[in-house]
Amino acid sequence: MAGLARAREWLDERFHWAELIAPLKKKTVPRHKLSPWYFLGGITLFFFMIQLCTGILLLLYYRPGANEAFESVQYIMTRVQFGWLIRSIHSWSANLMILAAFAHMFSVLFLRAYRKPRELTWVSGMLLLFLALGFGFSGYLLPWNTLAFFATKVGTQITGQVPVVGHPLMVFLRGGEDVTGATLTRFFGFHVAVLPGITAILILVHLALVQYFGMSVPPGVEARWKEHPEEARGTKFFPNFFLRELMAWYIALGVLGTLAAIWPWELGTKADPFGFAPAGIRPEWYFMFMFQTLKEIPAKLWFMDGEVVGILVFGAAGAVWLLLPFFDPVAKGRGRKFVMGAGVFALAYILAMTVYGYLAK
Amino acid sequence: MDTLQSRIGRWAAGLILGVTLCALPTGAQQNSCIDCHGSLDPPLQVTADQFASDIHAQKGLNCASCHGGDPTKADMDAMSKKAGFRGKPDRKQIPEFCGRCHSDAAYMRQYNPSLRTDQLAQYKTSIHGQRLAHGDTKVAVCIDCHSVHGIRPASDTRSTVNPLNVAQTCSHCHSNAEYMKEYKIPTDQFAKYSKSVHHEAMTVRGDLSAPTCTTCHGNHGAAPPGVGSVRNVCSTCHVFQSQMFDKSTHKAAFEKAGLPGCVVCHSNHEVKHPSDAMLSTGAQSVCVRCHTPGDRCDQATAAIHENLLRLDGAIKGADAVLAVAESSGMEVSEARLNQDQARDDLTKARVTIHSFRKELVNQDIEAGLKVAAANLQAGKDALKERDYRRVGLAISVFLILIVLLGLRAYIRMIERNSNTSEGAA
Amino acid sequence: MATDDTPTLHTRRRLIETVLGGGLLASFVSFLYPVIRYLIPPRVVDLGGDQVVAAKVGDLKPNGAKIFRFGTRPALLVMTAQGEYRALSAVCTHLGCTVQYRGDLHEIWCACHNGFYDLNGRNVSGPPPRPLDVFQVNVRGDEIFVSRKRES
């Protein structure tokens with residue numbers, strides 16, 4: 001303890017440490033029945049940090065390139081000490097991170113934390129969600145196994161259906177007209193350099209905004225606390241909330257370890273670009289609802305290609321979702337009804353379509 | 001002296017030569033045979049298209065090359081004796097007709113020096129050739145197998161004598177019970193062959209080296225292999241089995257009994273995929289056809305059979321454990337590869353059966369059992385590793401639980417004691 | 001509610017702190033242990049799927065051969081009577097049996113259906129329809145590397 005005090009003194013002499021961290025010491029987190037939902041953002045961040053660490057470790061042994069990628073992952077799984085653990089944690093944490101991100105997004109929506117003045121926090125968060133999906137899509141190809149190869153083929157082909165920009169976009173993603181080793185190299189570049197760079201900046205922006213505005217309180221609770229200020233409660237961030245957050249992170253870690261050890265991620269078979277697509281190709285679960293929707297749309301709607309209609313609808317939905325706060329700036333009246341309704345519909349649709357996609361084989 | 005007469009003479013000669021040269025056939029032959037016969041009805045019909053696909057046409061030969069006559073003449077002049085017309089040969093004469101060129105080595109050298117020229121000589125030794133010499137015109141002659149006027153080389157997949165099509169060609173007669181009635185030989189060979197593993201190799205796997213009728217019976221010198229030579233025929237490919245059989249007790253026994261070697265157990269046309277059950281005493285057993293159940297040989301067979309089943313079981317057992325390990329996420333591709341070695345040993349053991357010596361078979365079986373046992377161990381090790389991982393996981397989870405409990409207690413403690421956290425704990 | 005620690009509260013506090021601190025430390029170690037082991041390179045170096053160490057110099061005698069694993073299939077390393085190394089695929093192109101080297105014939109032989117290949121992989125006799133794949137051999141130090149042929 002004496003050592004800590006001396007360290008603090010040393011920092012204080014140079015950086016006015018005590019002044020710097022004073023606001024942090026005073027920071028509180030509102031405390032009400034719906035407070036537990038506040039943990040989701042931190043859990044998403046935790047999974048992201050796990051991805052960063054395990055990703056860097058995997059980088060030490062992984063080799064991008066159509067003739068080496070699969071073998072290098074196989075090497076990691078079989079020869080490297082605990083390689084199986086690092087790789088399985090990386091794969092599971094990716095899925096859990098996206099799950100947490102979706103949960104975080106929906107909880108923010110239903111608790112109406114997007115309203116003024118936090119619109120930009122929402123926008124930056126949605127961009128982070130899109131980036132997470134990009135991470136998932138690009139990372140999925142890297143082991144270069146059959147399922148990943150064909151999932152990428154289908155996924156990029158759907159992108160190619162977007163009117164006007166679709167084809168150039170597809171060529172840009174694929175590094176050519178077809179999915180080849182060039183696609184793998186490109187996706188690797190996206191996955192370890194481009195996306196992490198953009199994500200890091202956006203996370204800083206997102207956290208800075210959260211720090212600046214503090215935690216949002218649900219409108220009902222806010223109204224009540226305005227009337228009865230003595231009922232307003234808060235928890236100190238340091239150490240109370242932080243320790244609780246640490247508990248949540250440890251639980252997440254336990255779940256992650258269990259999943260990785262008991263259900264290790266499989267290797268699959270090496271991709272053969274000239275081979276036949278295996279039956280039952282599916283994208284990862286977080287794309288399933290879109291994939292299934294496109295499958296259900298009839299081939300032709302009026303004069304337009306059914307798939308193109310589906311893509312455009314999803315594009316429009318994505319745009320609306322990104323700008324959701326602007327439909328309901330004050331969380332009242334018609335705007336609120338619209339956003340709540342859209343939220344309930346979206347959640348129900350995504351859940352239903354995902355389940356349906358897995359059952360309908 | 002260059003007189004006007006001699007100059008005119010030279011001109012005229014040149015002119016006549018030029019006209020004649022133009023009139024002579026160049027690419028598209030002036031062929032009065034095809035002109036007429038192309039528009040006739042069968043059996044006299046030979047169209048230009050049909051003949052164009054013939055290998056003889058492609059080599060620059062025409063109707064007259066075989067039939068004589070003069071294709072440049074019109075009408076019946078083309079078929080006059082004066083033009084050397086030989087006409088359509090009698091069935092009995094066909095082999096000699098074709099052999100006129102095909103047995104002439106010097107002649108054939110102009111067209112294809114590596115083509116054999118002993119077909120006629122071989123044919124004369126064949127059953128077909130011998131019966132033809134005795135006046136039987138129902139037997140096959142050249143055109144029955146090779147077709148006529150549209151003959152393709154055997155390497156052409158459309159040819160009637162391409163390995164893929166040979167069995168079909170032979171079956172035109174040999175599966176026709178009505179046609180073959182007087183010969184009193186079976187007509188089920190093609191049906192049986194179609195069920196065989198050799199037929200499957202050719203049609204399903206596309207293995208052109210797989211045997212078809214002519215591989216064992218010969219083509220031009222076609223005759224069933226003699227009882228004593230069946231084994232020689234089979235041993236061209238199945239070397240090991242034949243070598244072992246040679247040194248075994250069964251060789252002398254079969255020879256004495258006049259039995260045709262391999263065919264006794266494996267049949268000739270319906271050569272099915274052999275199974276371990278052939279050594280058992282059940283319905284598929286081949287040994288009980290001669291051996292008495294319970295005698296010395298039968299006991300030895302039972303022992304061999306049991307060992308084969310043991311190795312087969314060991315391989316399957318190792319496979320099962322490896323599959324479990326794999327589905328638990330363990331990587332066992334090396335052991336899976338080594339299973340191929342064990343399977344190879346089982347195959348070897350099955351070949352060694354033909355020595356009819358228990359000890360030799362056991363050698364291969366023991367080798368295979370060792371490999372399968374090693375792979376089984378690898379599978380078990382993988383499962384052990386899996387369990388070790390679960391123990392490691394349990395330890396980590398336990399530590400995590402301790403931390404969680406500790407955190408909970410700590411939080412409770414600081415919130416109970418402190419009054420800077422607003423609100424009750 | 002007493003705010004200064006009575007003796008039992010004090011020991012209780014110490015206990016909780018110890019448990020928490022110890023638990024945190026132990027759990028960190030249990031997380032770091034796999035990571036440290038991971039960072040240490042394994043003894044068998046990953047050369048990628050296209051290259052493998054087939055044998056060491058001295059493993060083979062002249063006119064001898066050895067089967068080794070190349071990728072997922074077996075391969076054959078032959079040392080000719082003249083001392084040269086040849087490496088080929090050991091999977092017979094007929095029906096996939098594993099071939100072997102016949103020192104008496106200086107040829108590669110498949111026991112299944114009596115197929116023969118020469119030391120350049122060419123199918124010279126019997127059923128095999130295609131030659132065996134030939135690999136590149138490089139000797140570095142005392143290790144014999146076999147790799148897939150690269151187009152020059």
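C:Asn114 sits in the loop that links β6 and β7 (115-117) of chain C. Helices (H or I, at least four residues) and strands (E, at least two) are DSSP runs, numbered from the N terminus. The model is predicted: local features need pLDDT of at least 70, side-chain atom pairs count only at pLDDT 80 or more, and totals for chains, interfaces and linings use all residues. Residues are numbered from 1 along each chain as its sequence is written, while chains are lettered from A and ligands numbered from 1 in the order in which they are written.

C:Asn114 is not a glycine, yet its phi is positive, at about 65 degrees. The residue has 19 C-beta neighbours inside 10 Å and counts as partly exposed. A residue is buried if 20 or more other C-beta atoms lie within 10 Å of its own, exposed if 12 or fewer, and partly exposed in between, with C-beta atoms placed from the backbone. C:His106, also not a glycine, has a positive phi of about 55 degrees. The loop between β5 (100-102) and β6 (107-110) of chain C holds C:His106. With 13 other C-beta atoms within 10 Å, C:His106 is partly exposed.

Cis peptide bonds occur in chain A and chain B. In chain A, the bond from A:Lys116 to A:Pro117 is cis, with omega near 5 degrees. A:Pro117 lies in the loop between α5 and α6 (119-141) of chain A. In chain B, B:Pro42 and B:Pro43 are joined by a cis peptide bond with omega of about 5 degrees. B:Pro43 belongs to the loop between α2 (32-37) and α3 (48-52) of chain B.

Helix α5 (residues 83-110) of chain A packs against α11(A). Their axes come within 9 Å and cross at roughly 125 degrees. That angle makes α5(A) oblique to α11(A). Axes are lines fitted to C-alpha atoms, for helices over the stretch in contact, and angles run from 0 to 180 degrees between N-to-C directions. Angles under 35 degrees count as roughly parallel, over 145 as roughly antiparallel, 65 to 115 as roughly perpendicular and the rest as oblique. From α5(A), A:Leu85, A:Ser88, A:Ile89, A:Trp92, A:Ser93 and A:Leu96 meet A:Leu256, A:Leu259 and A:Ala260 of α11(A). Contact requires C-beta atoms, placed from the backbone, within 7 Å. By class, this contact has seven nonpolar, two polar and no charged residues. Ala, Val, Leu, Ile, Met, Phe, Trp, Tyr, Cys and Pro count as nonpolar, Asp, Glu, Lys and Arg as charged, and the others, Gly among them, as polar.

Chain A also touches chain B, through 25 residues of chain A and 20 residues of chain B. On the chain A side, α4 (69-78), β2 (234-236) and α11 (237-262) each give two or more residues. α11(A) gives the most, with 14 residues. This side has 12 nonpolar, eight polar and five charged residues. Between chains C and B, 18 residues of chain C contact 19 residues of chain B. Helix α1 (residues 7-39) gives the most to the chain C side, with nine residues. That side divides into eight nonpolar, eight polar and two charged residues.

Chain B has 21 helices and zero strands. Its C-alpha atoms fill a box of roughly 145 × 80 × 45 Å, taken along the principal axes. Of the 425 residues in chain B, 24% are buried.

Key. Two residues are in contact if their C-beta atoms, placed from the backbone, lie within 7 Å.
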